[in-house]
Amino acid sequence: MGAKEGSGFLGFVVVLVLALGRSARAGCAAEGLCCPGKEPSCASTGWRLNRAYGTCYCDEECQRTGDCCYDYAQVCPAVPCIVGEWSHWSGCAEQCQPKFRMRTRSVRQKPKNGGEPCPPLEEKAGCLEYTTYEGQECANEYVPAFITSFEYNKERKKRLVNPRWSSETEEPRSYCVEFKTESLSPYCSMETRPYARWMQYLREGYTVCVTCQPPAMHTVNHRCYGDGVDADRNKVLHWQAVGNPSCRGTWKKVQQVEECSCPLVHSFIFT
């Protein structure tokens, strides 16, 4: 009788040990779990990634709370967001107004299991067009020089943006004007949007180069408004950054040349 009781107790101990062993190894794979978002029921009992034993989880939230099961990363590998290419820049939102152009991109694969989130899917950048949809000029309404990053030159397609420069018209030669900045608003250095970070390089007392090209040129005199052609070196002129109307200031004309030698970060373009 004692032997049977002893063997029964021994069997119970073996079963208990086996159960505890299975429990200790339990995790996302053993439970077949891998849940999106926050799901309290998506849990097991076993070792956590932080080497503590107890209830562990197999949902995406566990990475933030630090209570994932030890095998979460293997069973639920992180999948980053994948986006497509940027679309072409749109035209300006309004004619004859310093507004913005826009481009977008789509999500090809959504992030999973705490993978890298999606980057911005929309970008806006300042722009200014000088004719109405009916072909009427309106640039002479503006006294300040409207400027943007020289990188905008790569995006601007003058044949599409401004039809008045036809393929039959000889393209006027571009020119560059050097200015010494006198003052500027604090909003320029505060600009952090990716497409507008160029404004941070506007500094008081710096010499900057601004290029004049079609279609910012007037069709008659082939000059850009705000270039200070009739101003002497002591006249204070006004400028404004397209894309952030709060980024504005004054400068004085230094000289006009065919080609400027400013570093790229201090090179801009009349828009």
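This is a predicted model: local features need pLDDT of at least 70, side-chain atom pairs count only at pLDDT 80 or more; totals for chains, interfaces and linings use all residues.
1. Rings of Phe, Tyr and Trp (its six-membered ring) count as an aromatic pair if their centres lie within 6.5 Å; planes under 30 degrees apart are stacked, over 60 edge-to-face, and the rest tilted.

2. Residues are numbered from 1 along each chain as its sequence is written, and side-chain values use heavy atoms, leaving out hydrogens and water.

3. Back to the aromatics, where the structure holds four pairs. The ring centres of Trp198 and Phe268 are 5.6 Å apart and the planes sit at 50°, so this pair is tilted. It links distant parts of the chain, with Trp198 in the loop between β8 (175-184) and β9 (207-212) and Phe268 in strand β12 (residues 267-270), 70 residues apart. Helices (H or I, at least four residues) and strands (E, at least two) are DSSP runs, numbered from the N terminus.

4. Both Trp198 and Phe268 are buried; here buried means under 20% relative accessible area, exposed over 50%, and partly exposed in between (1.4 Å probe, protein chains only). Trp239 and Trp251 also form a tilted pair, at 5.7 Å centre to centre and 35° between the planes. Trp239 is in strand β10 (residues 236-241) and Trp251 in strand β11 (residues 248-257). Trp239 is buried at 2% relative accessible area, and Trp251 is buried at 0%.

5. Now for the strands, which pair if DSSP finds at least two bridges between them. β10 and β11 are antiparallel over five bridges, with Leu237 opposite Trp251. The two form a hairpin with six residues between them, and Gly243 in the turn has a positive phi of about 115°. β8 and β11 are antiparallel over eight bridges, and Glu178 stands opposite Gln255 in β11.

6. Finally, the structure holds ten disulfides, each a pair of cysteine sulfur atoms within 2.5 Å. One of them joins Cys176 to Cys260, S to S 1.7 Å. Its torsion about the S-S bond is about -105°, so the link is left-handed. Cys176 is in strand β8 and Cys260 in the loop between β11 and β12, 84 residues apart. Cys176 is buried at 1% relative accessible area, whereas Cys260 is partly exposed at 24%.
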